[in-house]
Amino acid sequence: MSWTWISTNGALIWQLTREQIYIGVLPPLIGLVISLPLGVLAVRWRWFYPPTLTAVNVIYAIPALALFTALIPALGLSDTNVIVALTAYSLCIIVPNVVAGLRGVPAAARQAATAMGYGPLRRLVTVELPLAVPVIMGGLRVAMVSSISLASIGQLIGVSSLGYLFIDGEQRAFPTEIYVGLILIIAIALACDLILVGVRRALTPWVARL
Amino acid sequence: MSFFTYAWDWVTQSANWHGSGSIPQQILAQLGYSALPLLIAAVIGIPAGVAIGHTGRGAVLVVNLANGWRAIPTLGLLVLLVVYLGFSILTWLLPLVVLAIPPILVNAYEGVAGVDPGVRDAAKGAGMTSWQQVTRVEVPIALPLILVGLRTSAIFVVATATLAAYIGLGGLGRFIVDGLDSYQYGPVAGGALLVVILAVLVLAFFAGLSRLVVPAGLRKQGKTE
């Protein structure tokens with residue numbers, strides 16, 4: 001490790017870290033916003049789920065490098081390209097979890113809400129979704145961690161992130177740069193994971209803490 | 001022009017189908033680079049996961065592996081190994097094997113650990129030895145999840161083998177990386193299309209495999225990840 005390189009390049013590292021967080025963290029959040037209605041629809045209309053699941057499995061199987069490059073004619077070599085691709089992957093992970101979470105809501109809870117005079121929308125928002133939070137959060141955590149790590153591949157189509165340190169470190173045969181990139185990406189992923197665990201606990205105070 | 005017209009124009013040029021580095025050669029290379037690490041990872045991951053699931057020892061490790069594994073940026077790992085080892089077989093094989101093990105191990109563990117205790121007791125009560133319980137009861141019941149693990153790893157290995165073109169590995173990723181380097185979108189699109197087709201075939205392969213090997217009584221329970 002060359003500590004002098006790290007101390008003289010602090011500004012660059014900070015810049016790349018911010019880009020990495022932006023490109024990596026945004027997609028799972030957008031993915032969550034899209035997944036909630038999709039998941040609700042898939043639970044409401046049963047026929048809608050099998051084709052959705054197939055589509056989701058196929059998209060998830062596409063390697064990131066292929067998906068980024070396939071989006072070039074439509075979106076160019078831009079942040080948007082990588083963010084759209086990573087959002088698609090996030091959907092693949094979160095939608096099945098939204099469906100599983102909603103299907104796992106105990107029938108008794110649903111019936112109790114109905115008996116108390118809750119309409120379908122109020123029941124969904126105040127009873128079913130909160131009870132599904134742990135499962136949905138499980139999906140969001142996986143999506144978040146993989147999105148942050150995959151964002152670095154965007155560097156291969158010129159979208160700047162900590163992946164720059166991998167490419168530059170390889171070309172200069174300079175391991176310090178690569179280590180800095182690896183450690184920061186894993187650290188960002190773990191930090192976001194911990195934040196999501198905290199959010200889940202705050203949202204579901206009734207779940208026993210382990 | 002759209003992605004598909006670029007890809008189609010390039011894939012249908014007959015020159016790309018002959019000679020060294022042609023499409024058929026790279027498809028074969030990609031299959032080899034993907035199958036070998038998957039096989040090694042399965043040989044290590046399935047017995048380890050089954051053993052942990054059967055004995056319950058080491059379960060904490062598995063739970064942490066399940067999520068933490070995805071945080072590792074594969075591109076970084078690949079270039080780090082290139083800097084230290086140069087380009088050798090270990091440079092690409094090692095990370096592919098290491099990163100393909102967690103999903104296989106975690107799913108094998110969950111499959112075996114999730115076997116109904118009643119079924120487990122029944123097997124014991126029928127006089128089965130520990131080995132018989134594992135091979136005749138627990139593993140068959142865990143098969144759907146074991147296959148999900150293999151599929152997840154296969155998808156991951158195909159993606160990483162594609163990425164490894166950046167450090168000089170052959171396979172379909174070559175077309176993408178070389179095309180990006182020379183600012184030619186034709187091979188990039190064609191390579192990406194072939195990779196997508198390969199990924200879909202991998203999915204279809206595992207769907208077929210699960211029909212073949214999963215006991216009929218269990219088929220409805222196959223979970224999707």
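Which pattern does chain A follow when it is read along the sequence? The answer is α-α-α-α-α-α-α-α-α-α. Good morning. The structure I shall present is a predicted model, and I will begin with its overall scores. The model has an ipTM of 0.88 and a pTM of 0.89.

Let us turn to chain A. Its secondary structure consists of ten helices and zero strands. The C-alpha trace of chain A spans about 70 × 40 × 20 Å along its principal axes. Chain A has 210 residues, of which 44% count as buried. Consider next the contacts within chain A between residues at least 6 apart in sequence: 75% of these join residues at least 24 apart.

I move now to chain B and its confidence. The mean pLDDT of chain B is 89, and 97% of its residues reach 70 or more. Within chain B, confidence is highest in helix 2, residues 23–55, at a mean of 93. It is lowest in helix 3 of chain B, residues 59–68, where the mean is 79.

Finally, how do the two chains meet? In the model, 36 residues of chain A are in contact with 35 residues of chain B. On the side of chain A that touches chain B, two or more residues come from each of helix 3 (49–61), helix 4 (64–70), helix 5 (72–75), helix 8 (120–150), helix 9 (163–171) and helix 10 (175–203) of chain A. Helix 10 of chain A gives the largest share, eight residues. By residue type, this side of chain A comprises 26 nonpolar, eight polar and two charged residues. Thank you for your attention.

Notes:
Residues are numbered from 1 along each chain as its sequence is written. Chains are lettered from A and ligands numbered from 1 in the order in which they are written. This is a predicted model: local features need pLDDT of at least 70, side-chain atom pairs count only at pLDDT 80 or more; totals for chains, interfaces and linings use all residues. Helices (H or I, at least four residues) and strands (E, at least two) are DSSP runs, numbered from the N terminus. A residue is buried if 20 or more other C-beta atoms lie within 10 Å of its own, exposed if 12 or fewer, and partly exposed in between; C-beta atoms are placed from the backbone. Two residues are in contact if their C-beta atoms, placed from the backbone, lie within 7 Å. pLDDT is the predictor's confidence in each residue, from 0 to 100. Ala, Val, Leu, Ile, Met, Phe, Trp, Tyr, Cys and Pro count as nonpolar, Asp, Glu, Lys and Arg as charged, and the others, Gly among them, as polar.
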